[in-house]
Amino acid sequence: MDQNKAIRSHLSPCRGLEARRRWYRAAARPTVLVVTASVAAALLMAAVLFGVRLTPSGGNSTWVSAGVRDVLKAVSNQSGQGTAGPLATVPDPGDRLLGGLLAAEFDENSCVSRYRAALYRRPSVHAISSHLVSALRRYESRHRRCGPGTPAYARAVERLRAAPNASAAPSSSAAGCSYLVWNPIEGLGNRILTITSGFLYALLTDRVLLLHSSGGALDDLFCEPFPGSTWILEEDEKFPILGMGHLTAGHHESLRSVLRRGEDPSAAPWLYVHLRHDYSKVHQDQQFFCDDVQAQLRRVPWLVFQSDNYFVPGLFLIPGLERELVRMFPRRDLVFHHLGRYLFHPSNTVWGMVTRYHDEYFAKADERVGIQVRKFRWAPISTDELYGQILNCSQREGILPVHGAAATGGFNDGQPAKQKAVLVVSLHDEYSEKLRDLYPKNGSAGREAVSVYQPTHLGAQRSGEQQHNQKALAEMVLLSFSDAVVTTAVSTFGYVGQGLAGLRPWVLMTPVDGKAPDTPCRHAATMEPCFHAPPTYDCRARANGDVGRIVRHIRHCEDFPQGVQLVE
């Protein structure tokens, strides 16, 4: 009885959220219509000035793969004006399924956050493609049919065990189900981004994504995202691929080794694909992003991969996947925003941490600001210098008020101060303490009353500890509740928070010679994470090249110029 009462308290209306959500509900759709109308007008003007032919696509084709026509079609359908009905729609702020992104058949009590987290965030104004929704439902059906514990999975494992003794490896079509196995590495931010990358690849290639939870790396962190099945692969002595957590690029069954030997990858019963940052030195690893190699990998029943990169932009470089990607994501800069909200639902344990902290400190705020701070050994900067950069950025951009004599004394009209809650997320507490000294609790600056909070200051990253990961995930989720976000350049933690929030962050730029740069921060051009170590091998030219210049929607990252990211 007490447990049911506790669950009902989670399901009760979120305190302090209703007024803000009513305003969002009224504002969201007019904003979309204004934006889409503006984009359409700009594109029509471009057509007049540059002679672009805006010819409708012929036949029954839904999307045109290149040119301005596909963008116009996307804009038309986003605003619901397409002749065949909208192909991409903006979810209603009160829709717990997020416009069809989430499946409806889950027991809500088993994972309270799945249908509740969106109530704490700014409603997303980003349209969801109906083709993506259909692809997710097809994937769920495949995972339910092929996932662990099913007869199809048992047959696939048995074929894998027998394959080394067979005259030829079975094709994935003969086996009925094919798999992509993820191996954990690095911190939680990296893990979330690489799982997302792997899931998109599985979605595109009709595979089932399984997470190798080595050492309980994911215990009590996330709910199961797929109805009626599990995505956890528990390795044991009976599973044919032993030591998956210790595979290296030089392994006999790696893609690199097979290509170096001049063998056909499609003949292998399983392969290890090395997509870590050090793969950039070897073009055989990078040929994973080549069309011809992808055609061969289609026939390999089991792929095991390890990555510390958000390699989604690399998938957009593969011509054979382009059409499907364009249909799923008419706006290329929304991949993580949509897939992250689909895949990652905090466990009830983590969600309890999130809601307790939110209800105590943020529920009654008029505006929530997230500031994510991370220092890297390769980019040293003193605490005072970084604090000055944070303050310079946030005050210059109007995120935090200027505190001082010139900003005070604005309450003669009797209007209450705007309540601004500032969430600081950092391994250390110096930055939140300095901000608290500047803005004493409930102290005012001009017409704003600023309160500063920091849930934890763990001192160091300990990715192998369950409680550390739970607290880190809780802070990522809290960061995603923000109305404005300041993040640290290159930080995967920040990428996750901004992507779940659906916000373009203000990015604290990397220090130069231990000093903050003259421009302390930039408003990011995209909410998409950066692919820090993209391939340097140009598949079409069969030579080294700059993948940031191959297609128009992939550009070098502002926060890490060696990397690339998706832009619109």
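**Close-up views of a predicted model**

View 1. Leaving out residues up to four places away in sequence, valine 567 touches Arg332, Asp333, Thr526, Arg552, His553 and Arg555. A further reference point is histidine 556, 11 residues apart from valine 567 along the chain, with 9.6 Å between the two C-alpha atoms.

**View 2. Crossing of helix 5 and helix 8.** Helix 5 (residues 130-146) and helix 8 (residues 188-205) have axes that come within 10 Å and cross at roughly 90°. Helix 5 is therefore roughly perpendicular to helix 8. On the side of helix 5, the contact is made by Leu132, Ala135, Leu136, Tyr139 and Arg142. Helix 8 contributes Phe199, Ala202 and Leu203. Sorted by class, this contact of helix 5 with helix 8 holds 7 nonpolar residues, 1 charged residue and no polar ones.

**View 3. Crossing of helix 14 and helix 19.** The axes of helix 14 (residues 335-343) and helix 19 (residues 492-501) come within 8 Å, crossing at roughly 90°. Helix 14 is thus placed roughly perpendicular to helix 19. From helix 14, Phe336, His337, Gly340 and Arg341 take part; they meet Tyr495, Val496, Gly499, Leu500 and Ala501 of helix 19. The residues of this contact of helix 14 with helix 19 comprise 5 nonpolar, 3 polar and 1 charged.

**View 4. The stacked pair of tyrosine 179 and tryptophan 302.** The whole structure contains 27 aromatic pairs. In the pair shown here, the ring centres of tyrosine 179 and tryptophan 302 are 4.3 Å apart and the planes lie at 20°, so the arrangement is stacked. Distant parts of the chain are linked by this pair: tyrosine 179 lies in strand 3 (residues 179-183) and tryptophan 302 in strand 7 (residues 302-307), with the two residues 123 residues apart. Tyrosine 179 counts as buried at 0% relative accessibility. Tryptophan 302 also counts as buried, at 2% relative accessibility.

**View 5. An edge-to-face pair and an aromatic cluster.** Phenylalanine 226 and tryptophan 231 form an edge-to-face aromatic pair, with 5.7 Å from centre to centre and 90° between the planes. Both phenylalanine 226 and tryptophan 231 are buried. Phe226 and Trp231 belong to one aromatic cluster together with Tyr139, Phe199, Phe222, Tyr342 and Phe344.

**View 6. Charged ends over aromatic rings.** In one case, the charged end of arginine 114 sits over the ring of phenylalanine 106, at 3.5 Å from the ring centre. In another, the charged end of lysine 434 sits over the ring of tyrosine 387, at 5.7 Å from the ring centre.

**View 7. Two residues with positive phi in loops.** Most residues other than glycine have a negative phi. Aspartate 206, which is not a glycine, has a positive phi of about 60°. Aspartate 206 is placed in the loop between helix 8 and strand 4 (208-212). With 45% relative accessibility, aspartate 206 counts as partly exposed. Arginine 542 likewise has a positive phi, near 55°. Arginine 542 lies in the loop between strand 15 (537-538) and strand 16 (543-544). The relative accessible area of arginine 542 is 44%, and this residue is partly exposed.

**View 8. Glutamate 385 and its contacts.** Glutamate 385 is located in helix 16 (residues 383-396). Its relative accessible area of 24% makes glutamate 385 partly exposed. Neighbours within four places in sequence set aside, glutamate 385 is in contact with Gly514, Lys515 and Ala516. Glycine 514 is 129 residues apart from glutamate 385 along the chain, while their C-alpha atoms are separated by 8.2 Å.

Notes. Residues are numbered from 1 along each chain as its sequence is written. This is a predicted model: local features need pLDDT of at least 70, side-chain atom pairs count only at pLDDT 80 or more; totals for chains, interfaces and linings use all residues. Side-chain values use heavy atoms; hydrogens and water are left out. Axes are lines fitted to C-alpha atoms, for helices over the stretch in contact, and angles run from 0 to 180 degrees between N-to-C directions. Helices (H or I, at least four residues) and strands (E, at least two) are DSSP runs, numbered from the N terminus. Angles under 35 degrees count as roughly parallel, over 145 as roughly antiparallel, 65 to 115 as roughly perpendicular and the rest as oblique. Contact means heavy atoms within 4.5 Å. Ala, Val, Leu, Ile, Met, Phe, Trp, Tyr, Cys and Pro count as nonpolar, Asp, Glu, Lys and Arg as charged, and the others, Gly among them, as polar. Rings of Phe, Tyr and Trp (its six-membered ring) pair if their centres lie within 6.5 Å; planes under 30 degrees apart count as stacked, over 60 as edge-to-face and the rest as tilted. Buried means under 20% relative accessible area, exposed over 50%, partly exposed in between (1.4 Å probe, protein chains only). A charge sits over a ring if NZ of Lys or CZ of Arg is within 6 Å of the ring centre and within 35 degrees of the ring normal.
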